[in-house]
Each structure stands twice: as structure tokens, then as C-alpha cells.
Amino acid sequence: MSGEGGGTLTPTGWRVPVLLVLIGAMAGLLVTNAVSGLPMMPWSAIPTLLLLAFAEAFTAGRTARRIRREPGTEPIEPLSAARLVALAKASALFASLALGYFAGTALAVTERLDLPSHREVFLTALGTALAAGLLLAAALYLEYACRVPENDEEDRDDTPGPA
């Protein structure tokens, strides 16, 4: 490595997740309308995404306390924080695509909810989209928790100034 530090890591904005949700929704609509039968919806994705969302939200809370160096916590290693940011970014991108895809699938079958198979696909896709939305929120929270706070306490001078 040259040590020149070429790139910078910026926080995830709103544009990329929204674009990925729209791309995923279009893919969900196209796939559902293109196949002759209904696509099989894995109900197991709902608890899996919820478990991932819970784990990332829990990790975000612990990480925020460790970065702020609250009493009773151990400071976090910089490499560990960088790994958590990478996990948060990857989770946010995946969750955006999954949210869009399963929301698009649910939207594609809304015309025939009177059929039991369509209703089952709709409920599973909607549940998975909601779980993906929770994962997206947890991932963005984890990314936010990894930010180093501005240190106002060290910049202040405790000596009284002229009155």
C-alpha cells in the first residue's frame, strides 16, 4: 500500500437507499408478472431479517456507548469500528434492495387477493418487506453509532475568562 489514503468513507445518504428500493421494486414487479405461476416466498426470511435487525440495533447501542467512552465501557478498537461500518453499509444496501423487491412483489399480487395463494404470497412478501425496512433502519443506526463525536470538552478552557 502506498499510504496516500486515496478514498474517504462518507455516511450513507438517502439517495442510494431510495434508488435501490426503486430498483428492487421494479425487479419484484417484473419477476412476479413475468413468471407463469407465483414465485415462492420464503417465510423464513422474516425472522432472519428481524434477528439481523435486532443484532445490529443492539450492537449499535453498545458501540455508541463505547465510542463516547461512557463509564463502565471499554474503548472500541478503530479496526473493529471500521468493520462495523462496513457491515452497516452492506446491510443498508442489501436491506434497501430486499425492501424494494418484496414490496414490489406484494404490490404485483394485490389485484387478486381473493385467491388464497395470492393472499399468502402478499402477506409473506409484505412481512419480509417490513422486516427488511427494520434491518435498513438498524443498519443506518449502526453506521451513525460508529461516528466519532465532536469533542467539545477538550476544546474548552476551564479557566475563567475576563469579565
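1. F54 and F58 both belong to helix α2 (residues 45-67) and, being 4 residues apart, are separated by about one helical turn. Helices here are DSSP runs of H or I with at least four residues, numbered from the N terminus. The model is predicted: local features need pLDDT of at least 70 and side-chain atom pairs count only at pLDDT 80 or more, whereas totals for chains, interfaces and linings use all residues. Residues are numbered from 1 along each chain as its sequence is written, and side-chain values use heavy atoms, with hydrogens and water left out.

2. A pair of aromatic rings is described by the distance of the centres and the angle of the planes. Rings of Phe, Tyr and Trp (its six-membered ring) pair if their centres lie within 6.5 Å; planes under 30 degrees apart are stacked, over 60 edge-to-face and the rest tilted. The count by this rule is 2 aromatic pairs. The ring centres of F54 and F58 are 6.3 Å apart and their planes stand at 20°, so this pair is stacked. F54 is exposed, at a relative accessible area of 59% (buried is under 20%, exposed over 50%, partly exposed in between; 1.4 Å probe, protein chains only).

3. Y101 and F102 form an edge-to-face pair, with 5.3 Å from centre to centre and 90° between the planes. Y101 is partly exposed at 23% relative accessibility, while F102 is buried at 12%.

4. There are 2 salt bridges, each a side-chain nitrogen of Lys or Arg within 4 Å of a carboxyl oxygen of Asp or Glu. E70 and R68 meet at 2.6 Å, N to O; E70 is partly exposed with a relative accessible area of 27%, and R68 is partly exposed with 48%.

5. The salt bridge between E143 and K89 has an N to O distance of 3.8 Å. E143 lies in helix α4 (residues 116-145) and K89 in helix α3 (residues 78-108), so the pair ties together parts that are 54 residues apart in sequence. Both E143 and K89 are buried.

6. The unreviewed UniProt entry annotates residues 12-35, 41-60, 81-102 and 122-142 as "transmembrane region"; UniProt positions follow the numbering used here, feature names are shortened, and annotations may be inferred rather than shown by experiment. In the model, residues 81-102 are 100% helix and 0% strand, with end C-alpha atoms 31 Å apart. Residues 122-142 are likewise 100% helix and 0% strand, and their end C-alpha atoms lie 30 Å apart.

Terms used: Helices (H or I, at least four residues) and strands (E, at least two) are DSSP runs, numbered from the N terminus.
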